Amino acid sequence: MLEARDIHFAYRPEAPILSGVSLALAPGELIGLSGASGGGKSTLGRIMAGYLHPGRGSVTSGESMSGWSPVQYLHQSSIFAVDPRWRIGRIVEEGWQPDEATRQALGISRAWYDRYPHEISGGELQRVTLLRALSPQTRYLIADEITAMLDPITQADIWRLLLARCEAGLGILAISHDAPLLARVATRTVTMQSGKLL
Amino acid sequence: MLLSVEDFSVSFRRYAGLLQQRLVPALQGLSFSLDRGEVLALVGASGAGKSLLAHALFDILPPNAVTTGQLVIDGSTLDQSNWPDYRGRRMGLVPQSASHLDPLARCGKQLAWAARRSGSTADPQQALARFGLDATAAKAFPHQLSGGMARRMMLAMATIGKPDLIVADEPTSGLDPDNAAVVLGHLHQLADAQKGVLLITHDLAQALPFATRVAILRDGRLVDIEPASAFTGAGAALKSDYARRLWQSMPQNGFLTHA
């Protein structure tokens, strides 16, 4: 169980971003997180993945946090999540050797492997960072608007794969504005507004 | 005719080995036009070349890109000599990625640069308010804004000079439905004011109520251009098979059972 308890966060004390948020994600569960932009969704995701430290409150996962993190965060702007000097092949294989089936299910071509991040499209790079995160050691996935830049066909392909992973025990927190999408994929959906879960 | 794209292609020069070069095609033989008063939605799979077209229109392709064909705006063919007169003045770009913002300057300052470049006397506060942003957002550095706020900031920058042509690359990605409707509504208003809007988007459902026509790009080629009204029901009115598959794969429609 990946559990965030009573999380408070602010960059500046007069402008709190999260005020007392608690959320628990079980293995095999897919929680949808929606809400207005600027409400703190991504900040909560980054805190749960350990990228940001809460001012107050705690995050526990019951997993060893050394080495490859069992909680992987997928950035909504994937260009910020990759080293611009690395070729795609090196980025993909940073944490594990992806199997062919997963690579193909995500529609990732080997022809991209010798290119740099700026030489493939935004949606292609989004899938590259997803493949990198899907190591067998990943127990929880924080997916921040990961299909927001993808066409409907590719989006359906990716969610077909993620739903299968979820059935096999991966816990997924899907941050999205796409209500019809969350209605299709999520076990339950929570809404965030001005730093609080409704 | 505001914008006319004539047999336009983009390819990338790549080295195969040390001395041999080859051209990898990315956009191939694109031809379409955009009238004043129109919102043309450009949709297609990722990697189809949607953003490349936006970057080509503003001459910000990577240095190894090679283009052929012509981009004509208001009767003038865009080239190195007149791009500076159009770019950021008579045509505005809303980029796809927040990495296009200067990470070292406060957003308000970057908005002021955009206003000065276009000779606009518009009130920056108003430009921000139009997209639901306030003075706090102006004081922030780009990394302190949420994804959706950064996108709205880039919209304010692109539209503050009231350009004739607005190219918006995924302007609603990361926005909640209310804010997305505000943004698309504003783009639609610009079209009503006889501007031209090229709306690059993956989100067909969201774009349809605001678009006049929908151009579909696949693997670097234009598949076809459909009137927005043809996307309805099971998609029987759509001319191309690919358009119908896009339509049917949406979560609102068939989703996982198609594609």
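## An open sheet in chain B

In what order do the four strands of the open sheet in chain B run? The order is S2-S1-S4-S5, and the pairing is antiparallel. Strand S2 (20-34) and strand S5 (76-77) of chain B stand at the edges. Each has a single partner strand, so one side of each is left without a neighbour in the sheet. This is a predicted model.

Strand S1 (residues 3-16) of chain B pairs with S2(B) over 11 bridges, in the antiparallel sense. One of these links can be named: Ala16(B) has Gln20(B) in S2(B) as its bridge partner. Strands of a sheet pair through backbone hydrogen bonds, either parallel or antiparallel.

## Strand S7 of chain B

Within S7(B), Ala168(B) is the bridge partner of Val94(B). From S7(B), the chain crosses to S8(B) through helix H7 (residues 177-192) of chain B. This β-α-β crossover is right-handed.

Is S7(B) buried or exposed? Five of its five residues are buried, so the strand is largely enclosed by the rest of the structure. In a regular strand the side chains alternate between the two faces of the sheet. In S7(B), Leu165(B), Val167(B) and Asp169(B) point one way. Ile166(B) and Ala168(B) point the other way. All are buried, Asp169(B) among them.

## The cavity

Rolling a probe the size of a water molecule over the atoms shows where empty space is left. Searching the whole structure turns up one cavity of 30 Å³ or more. The largest cavity holds about 40 Å³ of space.

Which residues line the largest cavity? From chain A come Gln76(A), Ser77(A), Glu145(A), Ala148(A) and Met149(A). From chain B come Arg151(B), Ser173(B) and Gly174(B). By type, the lining divides into two nonpolar, four polar and two charged residues.

## The second largest pocket

The second largest pocket has a volume of about 1,100 Å³. Its lining has 48 residues. Nearest its centre lie His143(B), Gln144(B), Leu145(B), Ser146(B) and Met149(B). The lining divides into 18 nonpolar, 22 polar and eight charged residues.

Elements of both chains take part. Strand S1 (2-12), strand S2 (15-25) and helix H1 (41-48) of chain A each supply at least two lining residues. So do helix H5 (135-139) and helix H6 (147-159) of chain B. H6(B) gives the largest share, seven residues.

Leu256(B) lies in the segment after helix H9 (241-248) of chain B. At 27% relative accessibility, Leu256(B) counts as partly exposed. Beyond its neighbours within four places in sequence, Leu256(B) is in contact with Ala156(A), Trp159(A), Arg160(A) and Leu163(A). Ser146(B) is one of the residues nearest the centre of the second largest pocket.

Ile158(A) sits in helix H5 (residues 152-167) of chain A. At 2% relative accessibility, Ile158(A) counts as buried. Leaving out residues up to four places away in sequence, Ile158(A) touches Leu106(A), Arg127(A), Leu130(A), Thr147(A) and Leu150(A). Leu74(A) is 84 residues away along the chain, and its C-alpha atom is separated from that of Ile158(A) by 14 Å.

Most residues other than glycine have a negative phi, and most peptide bonds are trans. Where in chain B does Asp59(B) lie? Its place is the loop between helix H1 (50-57) and strand S4 (65-73) of chain B. Phi of Asp59(B) is near 55°, a positive value. At 29% relative accessibility, Asp59(B) counts as partly exposed.

Asp219(B) also has a positive phi, of about 45°, although it is not a glycine. Asp219(B) lies in the loop between strand S9 (213-218) and strand S10 (221-227) of chain B. At 60% relative accessibility, Asp219(B) counts as exposed.

Notes: Residues numbered from 1 in each chain as written. Chains lettered and ligands numbered in written order. Predicted model: local features only at pLDDT ≥ 70, side-chain atom pairs only at ≥ 80, totals over all residues. Heavy atoms only, no water. 1 Å grid on protein atoms, 1.4 Å probe; cavity = no way out; pocket = protein on both sides within 12 Å on 5 of 7 lines; lining within 4 Å. Points joined across faces, edges and corners; volume = space filled by probe spheres on them. Nonpolar A, V, L, I, M, F, W, Y, C, P; charged D, E, K, R; others polar. Buried < 20%, exposed > 50% of the residue type's maximum accessible area, 1.4 Å probe, protein only. Pairing = 2+ DSSP bridges. Right-handed = clockwise from strand over helix to strand, strands pointing away. Contact = heavy atoms within 4.5 Å.
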